[in-house]
Structures are given as structure tokens and as C-alpha cells.
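Here's a quick write-up to read alongside the coordinates. Have a look at the fold first, then come back for the details.

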Amino acid sequence: MSVSVRVFDVLRVSAGDRGPDRDRVAVELPLEVRLNSEPFSVIMRTPGDDRHLALGFLLSESVIAHLDDLERVDVDVLENVVNVWIAPSRPG
């Protein structure tokens, strides 16, 4: 099963009946977005496509405007961190 879903034991009650069951719920975890190794923001997300989420977030915050603004993007899925390196030639 995906890291974005966890299974929980539940007591299901329906029409007067009840009994043990299992249910799946979406996981929400923090993602730290760094700019040139400096903390920028922490956002909550369902784990998955962290690289694109971070880039979309930076675009919506007007930190970047084009892919040319980027030097590289490092994703550490174990630490829940995306480090975005801004290109030094970016006008500013």
C-alpha cells in the first residue's frame, strides 16, 4: 500500500449492527521547502509528487516565474524536504 494511505482498525456501526472492520485514510505530512538550503516554508500534503508540489507552490508565491529560474531541485523523501536551488543568473 502507498505511503499516502494508512490502514486503521475501526468499529463499524450500521443499521443496528456493529463489528470490527478496517478502513483506509489519507496521510497528511509536512513538507519543508528550502531555497538554496535555507528554510522557506513548511506545507502540509499527502506524500507523492513533492517536487512538482514545491515548484507549483513557489510559482504561486511568485518566488519563481519560469523553469529558467531554477538551477536544480533536490528531493529527500525520507526527510520530507525539497531543496530548490535558484539560478544565480536570475534577474533580481
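Strand 1 (residues 5-14) and strand 2 (residues 17-26) pair in the antiparallel sense over 10 bridges; strands here are DSSP runs of E with at least two residues, helices are H or I runs of at least four, and both are numbered from the N terminus. Two strands pair if DSSP finds at least two bridges between them. One of the bridges joins Asp9 to Arg22 in strand 2. The hairpin has 2 residues between its strands, and Ala15 takes a positive phi near 50° there.

A word on provenance: this is a predicted model, where local features need pLDDT of at least 70 and side-chain atom pairs count only at pLDDT 80 or more, while totals for chains, interfaces and linings use all residues. Residues are numbered from 1 along each chain as its sequence is written, and side-chain values use heavy atoms, with hydrogens and water left out.

As for pLDDT (the predictor's confidence in each residue, from 0 to 100), the protein's mean is 92, with 95% of residues at 70 or more. Strand 1 has the lowest confidence, at a mean of 92, and strand 6 the highest, at 98.

Now the core. A nonpolar core is a set of buried Ala, Val, Leu, Ile, Met, Phe, Trp, Tyr and Cys residues joined through side-chain atoms within 4.5 Å. The largest one has 15 residues, and Leu58, Ile64 and Val84 have the most contacts inside it. Strand 3 (29-35), helix 1, strand 5 (70-76) and strand 6 (81-86) each give two or more residues, with helix 1 providing the largest share, 4 residues.

Beyond its neighbours within four places in sequence, Ile64 contacts Leu55, Leu58, Leu59, Asp69, Leu70 and Ile86 (contact means heavy atoms within 4.5 Å).

What does a search of the whole structure find in the way of aromatic pairs? It finds 1: Phe40 and Phe57, edge-to-face, 6.3 Å centre to centre with 65° between the planes. Ring centres of Phe, Tyr and Trp (its six-membered ring) must lie within 6.5 Å; planes under 30 degrees apart are stacked, over 60 edge-to-face and the rest tilted. The pair links distant parts of the chain, with Phe40 in strand 4 (residues 38-45) and Phe57 in helix 1 (residues 50-60), 17 residues apart.

Here is how three of these residues sit (buried is under 20% relative accessible area, exposed over 50%, partly exposed in between; 1.4 Å probe, protein chains only):

| Residue | Relative accessible area and class |
|---|---|
| Val33 | 0%, buried |
| Phe57 | 17%, buried |
| Phe40 | 38%, partly exposed |
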